[in-house]
Amino acid sequence: MAMAEFPERRGSPLGLLHRLAESDLLHSFLSSPVTVVAAVVTAVFVGAAVFAPWVAPHDPFDLASVNLLDALLPPAWMEGGEWRFPLGTDDQGRDVLSTIIYGSRISLGVGFASVLFALLIGVPLGLVAGYAGGRVDAIIMRIADVQLSFPAILIALLVDGVARGLLPRELHDEMAIYVLVFAIGISGWVQYARTVRGSTLVERDREYVQAARLIGVSPARIMARHILPNVLGPVLVIATIHLALAIITEATLSFLGVGVPPTQPSLGTLIRIGNDYLFSGEWWITVFPGAALAILVLAVNLLGDWLRDALNPKLR
Amino acid sequence: MLAFILRRLVQSVLVMLAVGLIAFALFRYVGDPINNLVGQETSLADREALREQLGLNDPFPVQYARFLAGAIRGDFGYSYIYRRPVAELIAERMPATLELSFAAALLALLVGVPMGVYTALRRRGILAQAFMMLSLIGVSIPTFLIGILLILFFGVLLRWLPTFGRGEVVELGWWSTGLLTVSGLKALIMPAVTLALFQMTLIMRLVRSEMLEVLRTDYIRFARARGLRSRTIHFGHALKNTLVPVMTITGLQLGSIIAFAIITESVFQWPGMGLLFVQAINEVDIPVMAAYLMLIAFIFVLINLIVDILYYLVDPRLRIEKAVAHGHG
């Protein structure tokens with residue numbers, strides 16, 4: 001919190017960005033080779049996911065181009081493999097590399113959306129709890145405490161299960177992605193709320209907030225325009241680490257068969273599909289999506305670790 | 001002291017009532033209990049009679065109270081899928097989950113603590129750095145993937161270990177154990193390792209940071225100044241003081257091990273409660289979901305309560321710190 005003493009810390013979001021670029025953040029980034037590699041890997045995944053239709057060698061969901069005769073081909077460098085399918089094909093003759101690229105699209109999409117959803121719930125609740133205090137604070141934080149004592153995966157599973165119960169069966173597959181985003185988002189808001197509340201408690205009594213209050217700025221505006229920009233640093237760190245966790249949670253739920261349907265496979269679904277072929281020796285259907293998932297999560301985790309140290313050493 | 005325990009007890013009961021409310025709402029309003037009990041050909045009049053007989057027309061508080069009374073006696077009704085009492089299904093599968101969870105917790109402690117101590121003492125050593133890197137990789141690989149990779153290597157390629165199930169079990173009264181047969185023990189290895197890995201990295205990191213913290217304190221410096229041997233200082237003084245938080249966290253983690261067993265059990269088709277729960281979610285078997293939710297909540301609340309009380313008893317300093325922390329918030 002010592003940083004907060006400097007006047008330039010309090011600025012518009014644009015000024016904040018400008019300051020980030022000017023600060024030693026960039027220097028700290030460039031001087032950590034592991035972080036640069038992690039950033040490049042993450043960028044490659046995001047790029048491939050966004051531009052999947054142009055990057056992927058095949059369209060695995062275009063039934064016209066998928067040929068069952070190509071099913072279960074090993075990776076290209078093994079005997080029987082073909083260079084048309086660098087990482088081999090799955091049971092339906094889909095190119096594994098292409099399904100991974102399209103799968104990353106779903107995994108990252110669900111991951112980002114869940115983090116955004118958790119942010120949209122957690123940050124306002126944290127701001128209100130910290131700023132209003134009293135009974136509102138007590139109620140919000142009590143709920144947070146109770147939820148925090150259960151693992152996120154359990155809550156996500158449960159929310160997913162309830163949603164399945166409420167939706168008619170024929171809608172399950174169609175709504176699966178939205179249900180997932182909701183379940184993962186709901187299971188993750190607590191971290192944001194607690195952190196934002198803590199920072200808000202500190203910021204609330206500072207002169208600039210008191211001044212704003214004195215000249216009659218409304219509480220909502222004070223929270224949104226004055227306090228929020230000053231508590232975003234730790235939120236960014238949590239969001240990064242949460243992204244890794246959200247991707248893992250999505251993959252886990254999909255692996256358990258309660259996530260996205262096989263018609264729109266995420267990395268987790270691909271691993272689940274491949275798991276059935278593990279015993280007959282077709283390991284590539286599982287191992288390559290698995291490796292992609294692990295590398296993606298590791299890269300995001302490394303970025304999060306670096307960001308935590310670089311932005312606020314006291315957060316640890 | 002008594003007031004503290006009483007307050008925590010009241011809090012725990014409130015949490016259980018809230019979870020009970022969620023479980024009840026789930027049971028009562030997600031899907032129609034009647035539709036799940038009777039066949040297509042049952043007439044409307046019969047349905048209405050059954051509805052009346054089961055008390056589904058009673059006011060909400062009455063039904064909730066009845067649900068809670070049932071829950072306390074372990075009565076959660078019948079599974080929609082198995083057509084058997086839920087309590088029976090869960091009791092059947094509980095030994096499998098508990099054996100797996102305790103084996104994993106033990107493994108995590110036995111490996112995690114020494115690794116943590118080592119990485120703290122040889123902070124700059126290559127091996128210690130490697131442990132830290134490995135732990136980050138361990139956190140990044142999802143549990144189910146670790147399980148699959150273990151199956152691939154030790155089950156499919158090397159054929160050393162069984163890849164699914166519990167092996168042969170021995171019935172000791174109502175408890176079925178896999179710990180007394182060779183095939184049972186062999187079947188336990190991979191699931192236990194899979195489940196333990198994440199907790200292991202957690203314990204290792206915790207022991208390391210606590211140990212580093214303690215090693216910086218004055219009494220360690222004085223112990224060094226007195227010329228005590230490093231071994232005595234490290235293990236007699238430093239380690240002993242790091243173990244209180246480690247025990248607490250491990251205790252709290254025991255609950256999440258049981259919850260995370262859901263994933264491990266699915267990978268290894270381990271016939272425990274977690275597998276039952278995943279199947280229940282897939283099949284929308286509401287009574288099983290509600291019962292499992294209550295059970296897990298009960299385990300968590302119980303562990304939290306015990307840990308809090310132990311904390312209070314073991315370390316008087318925490319009483320003051322806690323009071324200060326609460327006063328501040």
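A residue is called buried if 20 or more other C-beta atoms lie within 10 Å of its own C-beta atom. By this criterion, helix H12 of chain A is mostly covered, since 8 of its 9 residues are buried. The model described here is predicted.

**Helix H12 of chain A**
- The buried residues of H12(A) are A:Leu267, A:Gly268, A:Thr269, A:Leu270, A:Ile271, A:Arg272, A:Ile273 and A:Gly274.
- Within chain A, these buried residues pack against helix H5 (96-132), H11 and H13.
- They also pack against helix H7 (143-157) of chain B.

**The contact between the chains**
- In total, 34 residues of chain A are in contact with 32 residues of chain B.
- Four helices of chain A give two or more residues each to this side: H7 (152-166), H11 (219-255), H12 (267-275) and H13 (284-311).
- The largest share, 10 residues, is contributed by H7(A).

**A:Leu157, a residue of helix H7**
- A:Leu157 is located in helix H7 of chain A.
- A:Leu157 counts as buried because 28 other C-beta atoms lie within 10 Å, and the cut-off is 20 or more.
- Leaving aside residues up to four places away in sequence, A:Leu157 touches A:Leu253 and A:Val258 in chain A, and B:Ile262 and B:Ile281 in chain B.
- A:Leu157 and A:Leu253 are 96 residues apart along the chain, yet their C-alpha atoms are separated by 7.1 Å.

**Chain B as a whole**
- Chain B contains 13 helices and 2 strands.
- Its C-alpha atoms fill a box of roughly 90 × 60 × 35 Å, taken along the principal axes.
- Of the 329 residues in chain B, 37% are buried.
- Among contacts in chain B between residues at least 6 apart in sequence, 71% join residues at least 24 apart.

**Two crossing helices in chain B**
- The axes of helix H5 (residues 86-121) and helix H11 (residues 273-283) of chain B come within 7 Å and cross at roughly 130°.

Key: Residues numbered from 1 in each chain as written. Chains lettered and ligands numbered in written order. Predicted model: local features only at pLDDT ≥ 70, side-chain atom pairs only at ≥ 80, totals over all residues. Axes fitted to C-alpha atoms, helices over the stretch in contact; angles between N-to-C directions. Contact = placed C-beta atoms within 7 Å. Buried ≥ 20, exposed ≤ 12 C-beta atoms within 10 Å, placed from the backbone.
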